[in-house]
Amino acid sequence: MTVLQLLNSAAILLFTQGVLILQPTHTPKQKKHGTWAHAGLNDLALMSGIAGLVVIEYNKIAHNGTHFVSPHAILGLITYILILIQGLIGFTQYFVPQIYGGEENAKKLYKYHRVSGYVIFLMLLATVAAATQTDYNKNVLQIKLWAVLVAAAITLIGVLPRVKKQKFGWLAGQ
């Protein structure tokens, strides 16, 4: 496994933990600590992911490779952009709620932050699956698509039961 795969694998692990840390919170103290842990884990994940992006781009530039042409690269770039937007919105909702008209208005947007976070999580898993179809993987790493899909399914089996659907705000009165 190369440094690139280690950095991106670490990013996905940290993003997963960042999501899971918030699921069992009930009391205001737990929610506050969970939010700080969520932010910290996601910050580490983002730094790891950006480091992975820098490694791959450096390698592409050094070898006159093509940039952002494969489905994996395009999906990855879209996912990186969405993660940055997601992080900015999450940060401002919690730490600068005034830009939303106050804390209550910012809290009303949490359900959208949650939903988009889970969509981005699925995009991360899809990006990894798409990586198995790149020339580099086919010629060098030879990671099998079926193995990635099994790992993604196992990850989802661990994450999905902890998703609190009522926090999406789709139920009456929310």
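**Close-up 1. Serine 48, a buried residue.** Serine 48 is buried, with a relative accessible area of 10% (buried is under 20%, exposed over 50%, partly exposed in between, using a 1.4 Å probe and protein chains only). This is a predicted model, so local features need pLDDT of at least 70 and side-chain atom pairs pLDDT 80 or more, while totals for chains, interfaces and linings use all residues. Numbering runs from 1 along each chain as its sequence is written, and side-chain values use heavy atoms, with hydrogens and water left out. You'll find serine 48 in helix H2 (residues 28-62); helices here are DSSP runs of H or I, at least four residues, numbered from the N terminus. Its side chain reaches the backbone oxygen of leucine 7 at 2.5 Å. Setting aside neighbours within four places in sequence, serine 48 is in contact with Leu7, Ala10 and Ala11 (contact means heavy atoms within 4.5 Å).

**Close-up 2. The salt bridge between glutamate 103 and lysine 107**. These two side chains meet at 3.3 Å, N to O (the rule: a side-chain nitrogen of Lys or Arg within 4 Å of a carboxyl oxygen of Asp or Glu). The count by this rule is one salt bridge. Glutamate 103 and lysine 107 are about one helical turn apart, because they sit four residues from each other in helix H4 (residues 103-108). Glutamate 103 is partly exposed at 48% relative accessibility, and lysine 107 is partly exposed at 38%.

**Close-up 3. Isoleucine 89 in helix H3**. Helix H3 covers residues 71-95. At 34% relative accessibility, isoleucine 89 counts as partly exposed.

Technical notes:
Helix = DSSP H or I, 4+ residues; strand = E, 2+ residues; numbered from the N terminus. Polar contact = N/O pair within 3.5 Å; in protein donor to acceptor, adjacent residues only side chain to side chain.
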